[in-house]
Protein chains: 2
Amino acid sequence: MKKIINDVDNLLDESLNGFAKAHQDIVSLQHQPTFVHRSAFSAKPKVALISGGGSGHEPLHTGLVGKGMLDAACPGQIFTSPTPDQMLAAAQSVENGAGVLFIVKNYAGDVMNFEIAAEMLECQHETVLVKDDVSLPETHSTGRRGVAGTLIVEKIVGAAAEQGKELSQCKSLGDRVAKNTASMGFALTSCTVPAAGRPTFELNDNEIEMGVGIHGERGREPMTMNSAEELVQHITTAIDKELNPQPGQQVLLHVNGFGATPLMELYLVFDLAAKFWEAKGVEIKRSLVGNYTTSLDMAGCSVTLTLLDEEMLMLWDAPVHTAALRWGC
Amino acid sequence: MKKIINDVDNLLDESLNGFAKAHQDIVSLQHQPTFVHRSAFSAKPKVALISGGGSGHEPLHTGLVGKGMLDAACPGQIFTSPTPDQMLAAAQSVENGAGVLFIVKNYAGDVMNFEIAAEMLECQHETVLVKDDVSLPETHSTGRRGVAGTLIVEKIVGAAAEQGKELSQCKSLGDRVAKNTASMGFALTSCTVPAAGRPTFELNDNEIEMGVGIHGERGREPMTMNSAEELVQHITTAIDKELNPQPGQQVLLHVNGFGATPLMELYLVFDLAAKFWEAKGVEIKRSLVGNYTTSLDMAGCSVTLTLLDEEMLMLWDAPVHTAALRWGC
C-alpha cells in the first residue's frame, strides 16, 4: 500500500484540518466530538440539514456543507459509522428553531446511530433514508444501500430548507427525491482501506465487479471486462427498469467516479448513458459528472438517474455554496 | 489494462461528446478540426484566450472554457500536442476584434504548433508560456515544463480579459502570474496510456517518483516512499527556494491531484503545505484543492504556489463559469 499519509490513526484528523483550512470561508471544524458545520449561520429559523457517514467518500458529506445544502456533516472513521454523540452535538450546534432533518444512507451502523442520536434530541426532527442502489433487490436483508443519489437528495432538500420550507415539507420532499432516484455502479479495482493495508477484494485483469458498493464491498456479481457500451448498458437497463421513465420525462443524470477513474472515461460513460435514455425519449435536463461519492482509490463509476418534477428542477438550480458544489453564489 | 472505453481510437471523440452534452450551457464542440469554445460569445470586443494541449489532463483545458476564463481549448490526442489547424480554427472562431492570447504549456510539440498557428493568424496575437515545474533546473535543455500552475494563469488572465483589458495588458499580466507561480509534484504510481496498454514506468512498492511530469514521464529522481510530511517538505522546500516568499506575502496555495489520489490525502497535503508557509509568516489567502491537472490514472499530487498582488487576488475572485471552476455566476 502506498498512500500519502503520516499515520493511519491520524489520517482523518489531519485531512479534516486541511479541509477546514482550505474552506474556512464555508465551514468550521469541531473536535470531540468531530463534526463540520457552516461557518455562517442563518439568522432566521430554518430546518437544519445534517448528514454523515464513514469517511473515504469525499467530497460526500463534508464537502456538501454550506449555503443551500447541509448545515453539518459528521465524518466517521474510514468506512465506519460516526457515533451518536457526533450527530447529537452537530444537531445541537446548528438547530435554530425549525427542527432537524437527518439524511442517512441505508447502512445498519449509520441507521442505528442516527436513531440513537434522534432519540436523545429534544427538538423536532425527521429522517430521510436514502437507498438508491438498485444492484440489490428491495427484499435484501438489510435493504438497499445508499450511494451517489444521496448528494441529489441533499442538494434538493438543502435548497428547500434554505428557502424556508418547514420540517414536514423537507421530509416529504426528501422522501420524494429518494423514491425517484436510482443508482448502480461497477468497479474495475477494489479500494485499499489504509488501516487494512491491502485491497479489500481482488479482481483478475479481465474481471470487473458489477453492482459494487461504495465501501469496497463486492457487488451483485463479478463479470468479464467488456466494452464501456456493454457495461453502461447493463447499469442503465437496471436503473431504467426501476424508475421506468416515460417519453418526455425530465431527468437529472449523474455519472459519479469512485475516485481513480479519469474524467475522460466518466464523460464517455455520460455520453453512453445519455444516449440510452434519449433513445427512449427521456429528456436529460440536468447533468453532474465527476468524483462526488468516492470509495477512496477505487476505479469505476456509478450512474444515477433522478426523475425531476418542476419543483425539484427549480431546487436543483437554486444557489449553492459548498466546497464541492457551487453555483449561483 | 482495464479502462472504461469502447475503442482506443474513439476514446477522445466519445469523451468530448459526453463533455459537450453534459455542459451544453457552457461549451460547444466543433469537429474537423476539433476544438471546444464557449457557447455564448461576448457581444463587445474582448481578448480571446485560447489554450490546449494533449488530452488526459482533464479538466484542464476543456473544463476551463467559459465565462471568465478560456474562450476556446484545443484537445490533442492523449499526451499529444493538438495540431496547428485546431489552434487556427479555434482562434478564427472566437476572435472578435481585440486579438488572441495563446496560453501554452512549455512542451516542444505544443510550443511549435502554437507558433505555427500564430504565424498563420492574421489578427494581433500574443503568447504566454507557462513553465512552472521547478523539479527541473531552469537550464534544462527544453526548459521547465508547464504543469498545474497553468490553471492559475488561465483564471487570472481570463478575468482580466473578461473585464476588458487589452491584449498587451493580458500578455504582461499572464507573464507576471507565470513568473510568480511554481509547482512540483510526486507520483506513487505511473499512469497507463490507453494506446500503450501498460504503465509508462514501474515503481516498486516502497518507491515514489519525485518531481514527476504530468505525462507519466519520470521525474527528478526515484525516492523511497516516506511519510506525507517528508514528501511534502521536499516539494514545498523546492518551491520556496524558487519563489522565496517573504513574511506577510499573500499567496494562493493549490494542491492538485494527478487523478487517482483520494481527496482525503490531498487535503492532508494541503494541511502540511499550509503549515510550512504559515510557519514562515506567509499568508495563505486563497486555496484550491482537487484534481484539476491530471495524468489519467496516476496516483500522486503536486503543490503550486502563486505569489499574489492585489490585482491578481481581485482577478482570482472574479466570477467564473466553466465545467470545472465556478463561482460568482
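**Helices α6(A) and α7(A) cross.** Axes are lines fitted to C-alpha atoms, for helices over the stretch in contact, with angles from 0 to 180 degrees between N-to-C directions. In this predicted model, the axes of α6 (residues 228–243) and α7 (residues 263–278) of chain A come within 10 Å and cross at roughly 50°. The crossing is right-handed, which means that the near helix is turned clockwise from the far one by less than a right angle. Helices are DSSP runs (H or I, at least four residues), as are strands (E, at least two), numbered from the N terminus.

Residues are numbered from 1 along each chain as its sequence is written, chains are lettered from A and ligands numbered from 1 in written order. Local features need pLDDT of at least 70, side-chain atom pairs count only at pLDDT 80 or more, totals for chains, interfaces and linings use all residues, and side-chain values use heavy atoms, without hydrogens and water.

**Trp277(A) in the largest nonpolar core.** A nonpolar core joins buried Ala, Val, Leu, Ile, Met, Phe, Trp, Tyr and Cys residues through side-chain atoms within 4.5 Å. Buried means under 20% relative accessible area (1.4 Å probe, protein chains only), exposed over 50%, partly exposed in between. The largest core has 208 residues; Leu151(A), Trp277(A), Leu151(B) and Trp277(B) touch the most other members. A second, separate core of 19 residues includes Met87(B) and Val100(B). Beyond four places in sequence, the contacts (heavy atoms within 4.5 Å) of Trp277(A) include Thr236(A), Pro245(A) and Leu305(A).

**Helix α2(A) is mostly covered.** Eight of the eleven residues in α2 (residues 84–94) of chain A are buried. Among them are Pro84(A), Met87(A) and Val94(A). The buried residues pack against elements of chain A including β2 (35–38), β5 (100–105) and α3 (108–120).

**Val134(A) sits in a loop.** The loop runs between β6 (125–130) and α4 (149–162) of chain A. Val134(A) counts as buried, at 6% relative accessibility. Leaving aside neighbours within four places in sequence, Val134(A) is in contact with residues including Arg144(A), Met184(A) and Glu242(A). Its C-alpha atom and that of Leu253(A), 119 residues apart along the chain, are separated by 15 Å.

**Glu265(A) touches chain B residues.** Glu265(A) belongs to helix α7 of chain A. Its relative accessible area is 4%, so Glu265(A) is buried. Not counting residues up to four places away in sequence, Glu265(A) touches Lys3(B), Ile4(B) and Ile5(B).
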